[in-house]
Amino acid sequence: MAMNDTSSAAAGPAATGFGGLPAAPYGGDEHGLICGFWIHPERPTEALPTLAQAQARLSDPEGGFLWLHLNLAHAGALPWLRRNAALAESFDEAQQQGSRSSRIERVGDHLFAVLNDVTFDFAFDVGDVSTLWMQVSEHLVLSVRRAPLRSVDRLRMAIKRGDRPRSSVALLDHLLRDQADELQRIVRQATERVDDIEDALLAGRHAGHEAEVAALRRLMVRLQRLLAPEPSALLRMLSNPPEWVADHDKQQLQQASEEFALVLRDIQALQERIRAVQDETAAHVAQENNQTLYVLTMVTVLALPINLISGLFGMNVGGLPLLEHKNGFWVVLGLIVVLTAGLTLLVLRATGRRK
C-alpha cells in the first residue's frame, strides 16, 4: 500500500518499491530526512534513505541531481543543514522570520523558493495551509517543511513510480504544477459547495449557511494570498537566471506561472459568487428580521386597548366606574373588544394604503 507524507515504514534490504526502487526506511533518518533521491534523466532513480548516503552521492552526482526532503520539525534537521549544506542567506532568514510569501527568486547561484500548499489532511479550513521552503542548485534540491503537504507527497509518489525530471529546475516545475492541480481541485470542490448553497437559496432554504459561506470566503482569500507565487520575483528570476538553468526549464516555469494565473482568476470569480451569496443571505435574514419586527409591532399596537383600560381600572382609587355594577366586567370586556377591533381595522387600512 502506498505511503503518504505522514507515515513511516521500514523494509528489508531485498524489498523493492514503485518503479523498481529499493524500499528504504521512510522518514527514519536521525536528522529528519523524509525522503531522498538521486535522479538522472537517463538512468534509474536511486533512493537515498540516509543523509550519509546522500552526501556520498552528492560528491559525484554523475550528471544527475539529488532531491532531499527534510522534516523541519525534527530537532536535527536545521542544524544538519547549517553544517553540511551551503544554505543561501535567504533560506536561513526565512526559517528564523517564518517567511510565508510564495515566491521564487535567485540568490547567487541558487534558486530560493517559498511555496504554500494545503496540508495532507486538508479539511477546508483556513489553518490547513502550510509552507515549504526550497533551495535549488544544479545538482541539489533541498526542501523542508513542518507539516505534511499534498503536492510534495504527489511528487514523491510520481518519482517512485518512475518519473524522472530532466533537471533540478524541472523538479521544481513538477512541484509547481502539482500544487496548481491541487489548488484547482480545491477550487472545484468549493465551487460545487457554492452551487449547492445557491440552489438552496433559490429554493428558499437559506438558514444555516451563513457560517459556511463566510468560511469559504476566508479560505479563498487565504489561498489567493498565500499560494500565488509573486509574479514580480518570478519575472526577475526568469530575466536573469543562473547560468546552469536551461532555456527549456525557463519556459516550463513560465508556463507553470501562467497556470497559476488561470487558477487565481477562477478563485477571484468564485469570490465574487461567494460575495453575492453572502449578500443574498444577508437580504433574506434582514427580510425575516423585518417581518418579525412587524409582527411584534402589530401585537404591541393591538394590545394598546387592553393595556390602557386594564391600567385605568386597576388603579386603587375611589370613584372607579362600574365598580358596583353586576355586569361591569362584561361591559369593560366588550369595550376592549370594540376598541381592539376598531384599531385592527385602522391598522389594516393603513397597511393596505402603504402596499
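Which helix does Ser168 lie in? We return to that residue in the last view.

**About these views.** This is a predicted model, in which local features need pLDDT of at least 70 and side-chain atom pairs count only at pLDDT 80 or more, while totals for chains, interfaces and linings use all residues. Residues are numbered from 1 along each chain as its sequence is written, and side-chain values use heavy atoms, with hydrogens and water left out.

**View 1. The whole protein chain.** The secondary structure comes to 10 helices and seven strands. Helices (H or I, at least four residues) and strands (E, at least two) are DSSP runs, numbered from the N terminus. Of the 355 residues, 43% count as buried, where buried means under 20% relative accessible area, exposed over 50% and partly exposed in between (1.4 Å probe, protein chains only). Among contacts (heavy atoms within 4.5 Å) with a separation of 6 or more, 67% come from residues 24 or more positions apart.

**View 2. The open sheet of seven strands.** Reading across the sheet, the order is β2-β1-β3-β7-β6-β5-β4, and the pairing is mixed. At the edges sit β2 (43-47) and β4 (103-107), each pairing on one side only. From one strand to the next, the twist averages 15°. Two strands count as paired if DSSP finds at least two bridges between them. As a reminder, strands of a sheet pair through backbone hydrogen bonds, either parallel or antiparallel.

View 3. β1 (residues 33-40) pairs with β2 in the antiparallel sense over three bridges. If you look for Trp38, you will find its bridge partner, Glu46, in β2.

View 4. β7 (140-145) is mostly covered, with six of its six residues buried. Leu140, Leu142 and Val144 point one way, Val141, Ser143 and Arg145 point the other way, and all are buried. With β3, the pairing is parallel over six bridges, and Leu70 has Val144 of β7 as its bridge partner. With β6 (residues 129-136), β7 pairs in the antiparallel sense over five bridges. Here Gln135 stands opposite Leu142 of β7. β6 and β7 form a hairpin, with three residues between them.

**View 5. Helix α2 across the sheet.** Helix α2 (residues 77-84) lies across β3 (65-71) and β7, and runs at about 145° to β3. Axes are lines fitted to C-alpha atoms, for helices over the stretch in contact, and angles run from 0 to 180 degrees between N-to-C directions.

**View 6. Helices α4 and α5 packed together.** α4 (residues 150-160) and α5 (residues 168-202) pack at an angle of about 125°, with their axes 9 Å apart. The two helices are therefore oblique to each other; angles under 35 degrees count as roughly parallel, over 145 as roughly antiparallel, 65 to 115 as roughly perpendicular and the rest as oblique. On the α4 side, the contact includes Arg150, Val152 and Leu155, and on the α5 side the residues include Leu171, Asp178 and Arg185. The residues of this contact divide into six nonpolar, three polar and six charged. Ala, Val, Leu, Ile, Met, Phe, Trp, Tyr, Cys and Pro count as nonpolar, Asp, Glu, Lys and Arg as charged, and the others, Gly among them, as polar.

**View 7. Ser168 and its surroundings.** Ser168 lies in helix α5. Ser168 is buried, with a relative accessible area of 1%. Not counting residues up to four places away in sequence, Ser168 touches Phe65, Val136, Ser137, Glu138, Val141 and Trp244.
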